[in-house]
Amino acid sequence: MSQTTTWDTDRALGRIRELEQLPGALLPILHALQEEFGYIHEEAIPLVAEALNISKAEVHGVISFYHDFRRTPPGRHVLRICRAEACQSMGCESLVSHVEKHLGVKMGETTADGSFTLEPVYCLGLCGLSPSAMLDGKPYGRVSAQAADFLIDSARRHS
Amino acid sequence: MSGKIYVPCDAAALGVGADAVARAIAEQIAARRLDLTLVRNGSRGMFWLEPLVEVETPRGRIAYGPVTVEGVSGLFDAGISEGRPHALCLGPTEEIPYLKNQERLTFARCGITDPLSLADYISHGGYKGLERALKMTPEGIVEEVTKSGLRGRGGAGFPTGIKWRTVLNTAGEQKYVVCNADEGDSGTYADRMIMEGDPFVLIEGMTIAALAVGATGGYIYIRSEYPHAFRTVRRAIALAYENGYLGANVAGSGKRFDLEARLGAGAYICGEETSMLESLEGRRGQIRPKPPLPAVEGLFGKPTVINNVISLATVPIILEKGAEFYRDFGMGRSRGTLTIQLSGNVKHGGLVEKAFGLTVRQAIFDFGGGTFSGRPFRAVQVGGPLGAYFPESLLDTPLDYEAFSEKKGLLGHGGIVVFDDTVDLAKQARFAMEFCAIESCGKCTPCRIGSTRGVEVIDKIMAHENRSENLQLLDDLCELMLDGSLCALGGLTPYPVLSAVRHFPEDFDRPAPVLPAHVGDRAQETQPWR
């Protein structure tokens with residue numbers, strides 16, 4: 001389950017201080033902030049810019065370049081379904097349509113109740129067991145429509 | 001002596017329930033008071049048999065698979081701890097034809113050892129390459145790697161030794177070794193398997209590279225889609241430090257080598273070496289024009305060796321056994337072994353390490369057993385999303401860099417994605433352009449704009465709008481992208497597109513898209529991880 005917690009400047013600064021001395025520290029800092037809060041809060045941008053002595057525009061530019069960094073809180077669970085070629089060859093597109101229907105959202109969206117964020121991913125390296133998916137960081141191979149339903153429903157029950 | 005039972009911790013094995021199987025096995029061991037130690041090994045790379053459980057016996061390791069949680073107690077009833085027969089018993093692991101018919105050099109230990117046991121690593125020949133390298137001059141090491149014929153396994157196939165020589169000959173107080181572990185190509189997972197199954201071999205390879213070129217710092221740039229690999233590599237690095245294999249005094253030699261694993265952030269383009277450097281330096285992963293080569297001006301402007309995981313993980317065995325040993329495998333100018341990854345709609349998906357020269361047909365049918373769906377084979381994409389689609393008539397092409405470029409294909413990182421007759425190559429061509437548009441770094445126009453225009457043109461062709469003019473336009477656009485893009489993303493996206501048009505013209509001339517019942521639904525008769 002992904003953790004989203006409320007913004008706390010001191011906690012953010014704490015994470016920034018741990019890493020700011022690394023050469024090329026921006027990505028490690030952004031990962032740490034996203035790990036801490038579930039996404040990159042607007043207020044983090046000036047703090048990071050100041051710590052690394054770069055402009056806010058540069059920080060923003062990096063956040064928006066990489067698919068991983070979020071600007072808004074994700075759902076309590078994040079389901080990523082692979083849409084790359086190996087999974088296409090095993091019917092991932094019908095799996096995607098099925099899950100979109102089941103959750104009532106499109107790829108890239110979060111359900112209204114905030115329980116699930118559905119995201120595409122281009123290869124999880126599980127291509128010998130396509131189609132594959134990752135739920136809250138756990139890998140799943142040979143994911144059928146029924147299997148996806150089961151995963152979603154059991155994650156819901158546990159949250 | 002306590003016996004051992006092995007359950008893989010590889011992400012693919014976890015994806016079909018290996019953790020739950022391991023827990024069930026631990027419970028059985030406790031309940032039956034057996035003198036058996038549970039070891040979490042890497043994967044042997046036979047994914048249709050995962051979770052593959054192995055037991056150590058006087059006859060060698062005996063394999064059982066695919067094991068389900070429900071089946072565990074039955075296996076113990078049948079005497080799995082002594083390697084006794086059972087419906088799931090596959091006999092001695094090494095005798096399974098899929099494995100027996102391989103030549104495992106880079107993957108010699110993967111699936112055999114506990115990935116995070118340095119003692120295991122060393123007792124299986126680990127650090128012998130470094131031991132020899134420490135007695136050699138930097139020139140001697142570079143010479144050995146050059147003579148071995150090793151070429152970059154990331155996809156470009158550039159001779160590793162020549163790259164190293166450039167860095168060695170470039171003056172600089174600070175030099176770096178960077179491992180490109182941004183394995184983003186669909187259908188590939190060899191890097192992931194090494195990082196999860198034998199991380200010390202990568203650390204050893206990087207250490208040897210550092211000695212060869214005079215580098216004191218190193219980074220492994222791992223894609224964020226591989227959280228398990230990242231955790232394993234980080235722990236392995238910490239263990240190497242604790243045991244004196246990294247740090248100020250590598251293996252007592254007085255030489256320094258510091259190594260750190262860094263996480264990518266979901267950008268395919270960061271597998272391109274200069275984008276990766278930008279990313280490591282904390283910027284948008286936009287590519288740098290070359291020259292200067294990274295070997296001269298690389299990470300933080302310093303001379304930098306950049307190699308793929310498999311290239312670096314192959315270095316220890318070359319140093320241990322000598323250049324000739326390695327060079328004797330392979331064909332033509334492709335020396336040594338290729339780590340073939342069988343993926344997609346294939347019955348026996350998995351890793352096949354084999355000397356260069358096996359044909360695509362042998363890989364798909366002899367090892368892979370044909371399509372998973374049981375439907376007729378129709379197309380194969382070798383080399384990831386930038387690789388060409390080949391029809392049945394090209395299946396006798398040997399897996400060799402030159403043989404592939406002759407057929408306007410790309411060997412790439414060795415991923416082979418199989419498609420049955422339900423595939424629509426026009427859709428695949430469209431996806432290639434779409435993927436390029438999603439992942440383009442935006443630096444050069446042919447890639448940034450060309451990919452979007454490519455999607456539009458293919459849509460028009462599929463809708464029968466000025467079909468022949470638009471096919472000509474697509475051809476022109478591809479030529480422009482090929483010649484005008486700054487890097488391989490824009491420059492190679494035409495490969496899958498043009499090969500689809502060339503080999504499967506009928507798919508671009510269909511009345512209206514009619515989709516057959518999808519094969520994916522057949523894949524799912526069981527949900528083993530439940």
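In this predicted model, the largest nonpolar core has 214 residues. The residues with the most contacts inside this core are B:Ile194, B:Leu202, B:Ala209, B:Ile222, B:Ala363, B:Val380 and B:Ile416. Helix H10 of chain B, which covers residues 199-213, gives the most to the core, with 11 residues.

Apart from its neighbours within four places in sequence, B:Ala209 is in contact with B:Trp164, B:Val177, B:Val305, B:Asn307, B:Leu312 and B:Val315.

| Domain of chain B | Residues |
|---|---|
| domain 1 | 3-100 |
| domain 2 | 118-327 |
| domain 3 | 330-420 |
| domain 4 | 425-508 |

In chain B, the C-alpha centres of domain 3 and domain 4 lie 23 Å apart. Contact between these two domains of chain B involves 11 residues of domain 3 and 13 residues of domain 4. On the domain 3 side, strand E14 (377-382) and strand E15 (389-390) of chain B each supply at least two residues. That side of domain 3 of chain B has 8 nonpolar, 2 polar and 1 charged residues.

Chain B also touches chain A. The contact takes 45 residues from chain A and 56 residues from chain B. On the chain B side, at least two residues each come from helix H1 (11-14), strand E8 (258-263), helix H12 (273-280), strand E12 (337-344) and strand E16 (415-420). Strand E12 of chain B gives the most to this side, with 4 residues. By class, the side of chain B that touches chain A divides into 26 nonpolar, 20 polar and 10 charged residues.

How values were computed: Residues are numbered from 1 along each chain as its sequence is written. Chains are lettered from A and ligands numbered from 1 in the order in which they are written. This is a predicted model: local features need pLDDT of at least 70, side-chain atom pairs count only at pLDDT 80 or more; totals for chains, interfaces and linings use all residues. Domain bounds come from an automatic or database domain assignment. Two residues are in contact if their C-beta atoms, placed from the backbone, lie within 7 Å. Ala, Val, Leu, Ile, Met, Phe, Trp, Tyr, Cys and Pro count as nonpolar, Asp, Glu, Lys and Arg as charged, and the others, Gly among them, as polar. A nonpolar core is a set of buried Ala, Val, Leu, Ile, Met, Phe, Trp, Tyr and Cys residues joined through C-beta atoms within 7 Å. A residue is buried if 20 or more other C-beta atoms lie within 10 Å of its own, exposed if 12 or fewer, and partly exposed in between; C-beta atoms are placed from the backbone.
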